[in-house]
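Please prepare a briefing on the structure shown below.

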Amino acid sequence: LKAQIAITGSKSETNRLLLLQALFPAISIDNLSNSEDAQAMQRGVASSQGTVDIYHAGTAMRFLTAYYATQPGVSVTLTGSERMQERPIGILVDALRNLGAEISYTKNEGYPPLAIQGKEIARDRVQLNAGVSSQYISALLLVGASLKNGLTLELEGKITSVPYIKMTLRLLEKIGVKTKFEGQIIKVIPAGDVLPQTMVVESDWSSASYYYSLLALSDIGSEVLLTSYTPDSLQGDAVLSDIYSHLGVQTTFKKDQLVLSKVGVPGDTILEKGLVWDLSNAPDIAQTIAVSCFGLGVACDMTGLHTLKIKETDRLVALENELSKLGAGLHITEKSLHLAAFNGSVKAHVTIGTYHDHRMAMAFAPLALRLPIAIEDSGVVNKSYPDFWTDMKTIGIQVSPV
């Protein structure tokens, strides 16, 4: 493989900055994500009345819930797809209610749709279960910067996906908002005036994961250049460079380019014991890693995956279903995945189900380097990476409708 690919901005950074821009209009943003999730967020922050449907965009659901609740005069019903209405949001709603927000459920208690009447929030301290989703925490921190008394969060239990929380805090600090994160307490000081400034979104590391997988499954000497990335990324998925170094992929930075090179094969330790990794801080790359390891014939044990149960689908069950079709042996729990080393013949003529989950489609696509593969509902990639199939063609993989 020899290719150069331009990847648009991080969905995670984009949606945080779009919310901050709505709160502080002096901010401008470059290199926005072109994902459906980012588009849903843009529509959401531009709305203040009626029904707002964000479809499958989980980040937008959490962020907009906090945003609408803290904007006086807003009166909306926030809803989403059928799957979105199965994804819990009660922890965030309870926290916002405890701050004084006016939110009610229009269908099932604890789940969207939500009827939200925006109002001025004066309370400045709330407790929150930190072990379910870091997006609940980030949603509160982002709007906390605009509250007249700021916000203090008391986090209960083990904190999940800490890099995403730190991303939120660093973006707040970049626009001039002071924060403090010590132990289980996070404080956000009221922002006051935010000066005009342009925020540049780094390209998406989650999208880069599929190229790491392609390189891992390719011949030694393959190289792919991705733009635009920095060594001091805010994104937790940047741990990819460390993980894939064990699978023969070397990462280097050349100006704003991320250079991925296939320089070797999995070492003896990986071949003997498998890849063992705690993905508590980067669960979104679990599917990609599992498929890479299967394609390489090495075992993997991934833990810290408890948040995958409440994503676009139950990603652990989906991985078990689809990898098993190909002949893999694996075992899942509520928060882990254990894949056995595979040295047989991969089952041919298999169609991979995607379960309305963009990452299922993209995680399995690199197996095309080893055998023809069919992906159902290929358009699901639009949620985070609309150019994915076009870029696969650029890199040399034949893609055609079936």
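In helix α10 (286–296), the buried residues are A286, Q287, T288, I289, A290, V291, S292, C293, F294 and G295, where buried means under 20% relative accessible area, exposed over 50% and partly exposed in between, with a 1.4 Å probe and protein chains only. The helix is thus described as mostly covered, with ten of its eleven residues buried. The model is a predicted one, in which local features need pLDDT of at least 70 and side-chain atom pairs count only at pLDDT 80 or more, whereas totals for chains, interfaces and linings use all residues. Residues are numbered from 1 along each chain as its sequence is written, and side-chain values use heavy atoms, with hydrogens and water left out. Helices (H or I, at least four residues) and strands (E, at least two) are DSSP runs numbered from the N terminus.

- Just after α10, G297 has a positive phi of about 80°.
- Four strands form an open sheet with mixed pairing, in the order β15-β16-β18-β17; two strands pair if DSSP finds at least two bridges between them.
- The edge strands of this sheet are β15 (275–278) and β17, each of which pairs on one side only.
- On average, neighbouring strands of the sheet are turned by 5° against each other, direction ignored.
- Helix α10 packs on the sheet and touches β15, β16 and β18, and its direction makes about 170° with that of β16. Contact means heavy atoms within 4.5 Å; axes are lines fitted to C-alpha atoms, for helices over the stretch in contact, and angles run from 0 to 180 degrees between N-to-C directions.
- Strand β15 pairs with β16 (residues 300–303) in the parallel sense over four bridges.
- In β16, D301 is the residue that stands opposite V276.

**Helix α11**

- Helix α11 (residues 315–325) has R315, L316, A318, L319, E322 and L323 as its buried residues.
- These residues cover an arc of only 155° around the axis, which puts them on the same side of α11; the arc is that of the directions from the helix axis to the C-beta atoms.
- An α-helix has 3.6 residues a turn, so residues three or four places apart point the same way.
- The packing partners of the buried residues of α11 are α10, β17 (330–332), β18 (336–339), β19 (351–352) and α12 (358–364).
- Helix α11 lies across β17 and β18 and runs at about 165° to β17.
- After α11 comes G327, with a positive phi near 110°.
- V317 is located in α11 and is partly exposed, with a relative accessible area of 31%.
- Not counting residues up to four places away in sequence, V317 touches K309 and I332.
- A distance of 9.5 Å separates the C-alpha atoms of V317 and E334, which are 17 residues apart along the chain.

- Strand β2 (residues 27–30) has a covered face made up of I27 and I29, and an uncovered one made up of S28 and D30.
- Strands β2 and β11 (residues 197–200) run parallel and are joined by four bridges.
- The bridge partner of I27 in β11 is Q197.
- T152 is located in strand β8 (residues 151–156) and is buried, with a relative accessible area of 10%.
- Leaving aside neighbours within four places in sequence, T152 is in contact with D124, R125, V126, I185, I186 and K187.

- The whole structure holds three cavities of 30 Å³ or more. On a 1 Å grid over the protein atoms alone, a cavity is a set of points where a 1.4 Å probe fits but cannot get out, and a pocket is an open set with protein on both sides within 12 Å along at least five of seven lines; lining residues have an atom within 4 Å of a point.
- The largest cavity contains about 380 Å³ of space; grid points are joined across faces, edges and corners, and a volume is the space filled by probe spheres set on the points.
- The largest cavity is lined by 32 residues, and T59, Q135, Y164, D284 and K311 lie nearest its centre.
- At least two residues of this lining come from each of α1 (11–23), α3 (58–69), α5 (134–144), α7 (205–217) and α12, and the largest share, four residues, comes from α3.
- The largest pocket contains about 530 Å³ of space.
- Among the 20 residues that line the largest pocket, I373, A374, I375, V399 and S400 are the closest to its centre.
- The elements β20 (374–375) and α13 (388–394) give two or more residues to the lining of the largest pocket.
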